[in-house]
Amino acid sequence: MTEQETRNLFMDYLYNEMNDKQKQTFEAYLKDHPELKKELDELAETRNILQFMSLDEPDQKLVMMAPEPDAGEKTNQPAEKTALLNLHPAIKTVLAVAASVLILMIGASISGLNMGQAEDGFYLAFGDVSAQAEEGISEEQVLMLTEQIREENALLMTAMLEQARADQHAQLQEALTLLTDYYETRRQQDLMLVAEGLMQLEENTYHRFRQTDETLDDIIYALSYPTNIDD
Amino acid sequence: MEHKDDTLLVKRAQRGDTEAFNLLMMRWQGKVYRFTYRYFADSDDAKEITQKTFITVYQKLDTLDDPGKFSSWMYRVANNLCLDELKRAGRRKAQPLENVIETPNGNGTPAKDLESKELGEVLHKAMMLLPDEQRVVIIFKEFEGLKFREIAEILDEPENTVKSRMYYGLRSLREILKKWNIQHEYLNYD
């Protein structure tokens with residue numbers, strides 16, 4: 001039996017992974033080999049001592065998957081809320097209207113809203129209702145108010161037109177002034193250019209006259225003293 | 001190796017049934033925690049790796065072709081995460097066993113330590129001195145009660161290799177305990 005085979009048999013025997021026949025054969029073999037029996041006993045003792053190993057058990061769930069979103073939503077809803085959602089639509093509408101009316105009443109109470117009926121019709125006001133408000137406005141007063149508003153509007157329109165006209169006039173004046181200034185500047189510049197050109201022409205003409213005079217003098221001198229030429 | 005209903009739960013979980021996955025976790029979190037705790041001898045590490053294991057299982061459950069092999073597949077995930085953690089933390093770098101088994105904690109003799117500490121803690125220390133591949137086989141065999149065939153499947157190693165690691169693991173453990181004078185006092189306890 002090789003060493004590897006012996007080791008494998010040791011393990012099979014120690015951990016009871018042999019059938020009965022193999023076990024008997026191996027035990028018979030061990031009787032003839034006391035040194036192997038001793039080693040096997042030592043391994044068994046080591047196994048025994050391993051049973052003393054301590055172990056800390058986890059005191060909590062180490063991992064837990066979150067439940068599926070749908071299931072979570074369903075299970076997390078309070079029973080009352082679920083019951084409300086299951087009501088008939090008509091009942092839900094009535095409840096919604098009632099809730100709205102209640103909110104309006106609370107709002108009106110806080111803001112001091114007053115509603116009522118006067119001789120001229122209904123009224124709606126915040127705070128205390130004065131006598132005038134309760135009585136309402138007469139037709140004559142309404143006509144006066146309308147006339148007054150109309151007159152104010154006419155005055156306002158006239159003032160606006162006057163203002164617009166004045167602004168327009170000022171803008172026109174300013175534009176004309178700017179245009180005049182522009183043309184005046186251009187005219188001055190043109191005159192200066194013309195004067196400068198004339199001066200330049202005059203200077204050139206004078207220069208050429210002088211050159212002509214000098215040339216004529218030279219000719220006259222040469223003609224007057226022909227001997228000099230013969231020399 | 002696993003509950004018969006596990007296969008059904010795995011199939012349901014693969015179809016997206018969160019409740020089924022929760023049930024699987026409830027069934028298996030204790031086992032995975034015990035495995036990782038014995039691997040690291042540290043409660044925080046064990047909790048962290050257990051959580052990572054189930055997160056990985058959740059993410060990759062679709063890739064499990066045979067739901068009947070869920071437990072071995074999950075143990076493999078846990079074992080790989082343990083190895084990753086060891087690499088990440090850079091712990092237990094290879095060193096000769098003879099260099100580290102002189103004393104369990106450097107103060108006094110192991111026998112005296114036993115007067116104040118539980119034997120279990122000393123055994124954890126002894127286990128941590130074993131090579132990772134031997135320790136994991138001992139944990140699977142001794143504490144999880146798996147067959148050598150199942151361990152071989154989880155570790156993707158030949159069965160004889162697993163038995164060999166178990167043999168050498170037990171021998172190394174005995175050697176450490178002998179050095180600490182624990183063997184004689186406690187082996188006759190039973």
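Start in chain A with helix α8 (residues 139-224) and pick A:Arg210 and A:Glu214: they sit four residues apart, so about one helical turn separates them. (Helices here are DSSP runs of H or I, at least four residues, numbered from the N terminus.) Their side chains meet in a salt bridge at 3.9 Å, N to O; the term means a side-chain nitrogen of Lys or Arg within 4 Å of a carboxyl oxygen of Asp or Glu. A:Arg210 is partly exposed at 45% relative accessible area, and A:Glu214 is partly exposed at 44%. (Buried is under 20%, exposed over 50%, partly exposed in between, using a 1.4 Å probe and protein chains only.)

A word on what you're looking at: this is a predicted model, where local features need pLDDT of at least 70 and side-chain atom pairs count only at pLDDT 80 or more, while totals for chains, interfaces and linings use all residues. Residues are numbered from 1 along each chain as its sequence is written, chains are lettered from A and ligands numbered from 1 in the order written, and side-chain values use heavy atoms, leaving out hydrogens and water.

Next, select A:Lys37 and A:Asp41, whose closest N and O atoms are 3.1 Å apart in a salt bridge.

Terms used:
Helices (H or I, at least four residues) and strands (E, at least two) are DSSP runs, numbered from the N terminus.
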